[in-house]
Amino acid sequence: MENLSPLPTLDFLLPEVRRSLWRGGWLNGAAVIAVAVTLFIFGWGWQVSQLLGASVESLGNRLEITAYVSPTLPAAKVASLKEQLAALPGVADLTWIDRDRAWAELQADLGLKSEQGGLDLFDTNPLSDEIKIRAQSLPQVAPLASQIAQKEGIESVQYLERALTGLQSVQRVVRGVTFILVLLLSLTVVALVSAILRLIILVRQPEIEIMTLVGATQTWIYTPLFIQAASLGGGGGLLAWMVGWGTSQQLQQWLTQQASFRALASNVSIEWSVGLGVFLIITGVILGLVSTRLALQTTASMPK
Amino acid sequence: MTAVTPVVPPCESTSKGVIVAELCQVTKSFGGALPCLHRVSLQLRRGEFYFLTGASGSGKSTLLKLLCGQVRPDQGIVRLFGEEVNPQQDRRMAQLRRRLGVIFQDFKLLGDRSVADNVAFALLVRGIPKAEIQQRVQTALKLVGLSHKANAPPQSLSGGEQQRVSIARAIVGGPELLLADEPTGNLDPQTSQQILALIHRLHQHGLTVLFTTHDLALTRLVPHRILHLHHGKLESPTHP
Ligand SMILES: Nc1ncnc2c1ncn2[C@@H]1O[C@H](COP(=O)(O)OP(=O)(O)OP(=O)(O)O)[C@@H](O)[C@H]1O
Ligand SMILES: [Mg+2]
């Protein structure tokens, strides 16, 4: 008896896949576009959430609490305040800047030099001692700040937390919306592509019947269909990436001309990477394969 | 509960090599008032030629479909070459089907490939190398007298020629049993005789044949055993 070779030969596969694609006609295009739209939306959702993440990070450098020490605090208590602050939970780093240094730095910043005589404005140093405290993580900032404010000898506390948590929640929303949208679209795409594949199975029924009768295994019969669906899905992923890459190029060019963007995240690129492209193609292929399985499961191919 | 006697008495295939196909007490119903086939038993011996006759709707096609695993029996056992036919066992069924040739009234040729490719298809799905396929297809086409039409599309052929192509496809793999489901049903009497003559010649070279027809005139042309289906029963028993 002949051996059953488990995997179809290329002599069989290539012509069959070609025929199957040919038979599918415009349905192939519909499948590719459906996958592409889904993955395009996913790609942008991913990019935007990456961008927001990077912005949060770059702002995070400035994420510190500045506490101003009351000028009336006796010098003897400074050391104990330092210790108390350093012991607070969530403190990553603490720098004490005494008022003389702060004053000198401010003057330098403002370009006021004593030789220029610009200092008449203030006879005395108007600043107080200042403490820069970095929190370990963003959620710790607000509670830490209020704890610091309660310490004896602290006059006031400043921090940038609001803007950051705002950005973070935008990022969360973008992620969530992308996730839900992509989930819904994926389900739609799988349903659509598997309906298309069912049509193709229907059109190819004569072939399938003959193949069965002359002794082809199910693997041989349906591998061309899996390959077809995988290539349509992969094609959709590639199309999504190409369009996404094009739009991201345009947008990047426009954004780099916007000062506010440069200030927000100067080192962030929104260009679609090759890695993202590979990921989208693989995801497209997986969508195609899942659709094929579903199509086969819902097609009665077993004899009654 | 009382002991229930099995509906299907054990059917032994003692003469494994001699019996190529058998039905044991097979019942198949499609939900109608009467079952299409009712407790039909049948043994086909190697090297024989059988006519299967019966009125339209008597279940001839159903019987053939049971044999090639396209339809599952409600009760009873179907065996091919000594092995039970179980459509759910994909690989084993594929193996059994490779020892069968099947032809139909409507030829079932694929319109989007040439005559030669239609015949080759039966070998292609078995993973046979291209060179061997080419050679075997040539031989098969020569056998049915259609070498000169190898590259023609099947639609350009006459009914008789199309049936010869489908016969070539059925025999190209070297089957042990040919199931012919009304192969002359669409053909005029003269062409029908030619097709029968061709199949008869293949039989003389050793092929076992089950040939269904409701054309009794045809059955008189060659002297072979006739099985007759009537009201779900096989009326002419197999072997005395
Ligand atoms: N898939 C099916 N579903 C429902 N009924 C079926 C099915 N296949 C066959 N039948 C019924 O079973 C009976 C036998 O059908 P079958 O095709 O075997 O008859 P036949 O002897 O081949 O007839 P013909 O000579 O017209 O080809 C018919 O009454 C038919 O309606
Ligand atoms: Mg019939």
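The model is predicted: local features need pLDDT of at least 70, side-chain atom pairs count only at pLDDT 80 or more, and totals for chains, interfaces and linings use all residues. Residues are numbered from 1 along each chain as its sequence is written, chains are lettered from A and ligands numbered from 1 in the order in which they are written, and side-chain values use heavy atoms, with hydrogens and water left out.

## Chain A

Chain A has 10 helices and four strands. Helices are DSSP runs of H or I with at least four residues, strands are runs of E with at least two, and both are numbered from the N terminus. Along the sequence, the pattern of chain A is α-α-β-α-β-α-β-α-β-α-α-α-α-α.

Chain A holds 304 residues, and 42% of them count as buried. Buried means under 20% relative accessible area, exposed means over 50%, and partly exposed lies in between (1.4 Å probe, protein chains only). Among contacts in chain A with a separation of 6 or more, 85% join residues 24 or more positions apart. A contact means heavy atoms within 4.5 Å.

Helix H7 of chain A spans residues 205-213. Its buried residues include Glu207(A), Ile208(A) and Met211(A). Just after H7(A) comes Gly215(A), with a positive phi of about 95 degrees.

## The interface

How many residues of chain B are in contact with chain A? The number is 30, and they meet 29 residues of chain A. The size of an interface is often given as the accessible area lost when the parts come together. Chain B and chain A bury about 2800 Å² between them, and 59% of it is on carbon and sulfur atoms. This buried area is the accessible area (1.4 Å probe) that the two parts lose on being put together, summed over both.

Seven residue pairs are in polar contact across the interface, both residues at pLDDT 80 or more. A polar contact is a pair of N or O atoms within 3.5 Å; within protein, one must be able to donate a hydrogen and the other to accept it, and residues adjacent in sequence count only if both atoms are side-chain atoms. On the side of chain B that touches chain A, helix H2 (90-97), strand E6 (100-104) and helix H3 (115-124) of chain B each supply at least two residues. H2(B) gives the largest share, five residues. By class, this side has 12 nonpolar, five polar and 13 charged residues. Here Ala, Val, Leu, Ile, Met, Phe, Trp, Tyr, Cys and Pro count as nonpolar, Asp, Glu, Lys and Arg as charged, and the others, Gly among them, as polar.

## Salt bridges

Side chains of opposite charge can pair when their charged atoms come close. A salt bridge is a side-chain nitrogen of Lys or Arg within 4 Å of a carboxyl oxygen of Asp or Glu. The whole structure has 21 salt bridges over all chains. Six of these are between chain B and chain A. The table gives some of them.

| Chain B residue | Chain A residue | N to O distance |
|---|---|---|
| Arg113(B) | Glu16(A) | 2.9 Å |
| Asp112(B) | Arg23(A) | 3.4 Å |
| Lys108(B) | Glu209(A) | 3.5 Å |
| Lys130(B) | Asp11(A) | 3.9 Å |

Arg113(B) and Glu16(A) are both buried. Asp112(B) is partly exposed at 33% relative accessibility, and Arg23(A) is partly exposed at 29%. Lys108(B) lies in the loop between E6 and H3 of chain B and Glu209(A) in helix H7 of chain A, so this pair joins two chains. A network of salt bridges links Glu16(A), Arg19(A), Arg23(A), Arg204(A), Glu207(A), Asp112(B) and Arg113(B).

## Nonpolar cores

A nonpolar core is a set of buried Ala, Val, Leu, Ile, Met, Phe, Trp, Tyr and Cys residues joined through side-chain atoms within 4.5 Å. The largest has 85 residues, and Leu141(B), Ile167(B), Ile199(B) and Phe211(B) have the most contacts inside it. Helix H2 (residues 26-60) of chain A brings the largest share of this core, 10 residues. Another core, of 33 residues, lies apart from it and includes Val20(B) and Tyr50(B).

## Positive phi in chain B

Most residues other than glycine have a negative phi. Arg39(B), in strand E2 (residues 37-45) of chain B, has a positive phi of about 45 degrees. Phe107(B) has a phi near 65 degrees and is buried, with a relative accessible area of 9%.
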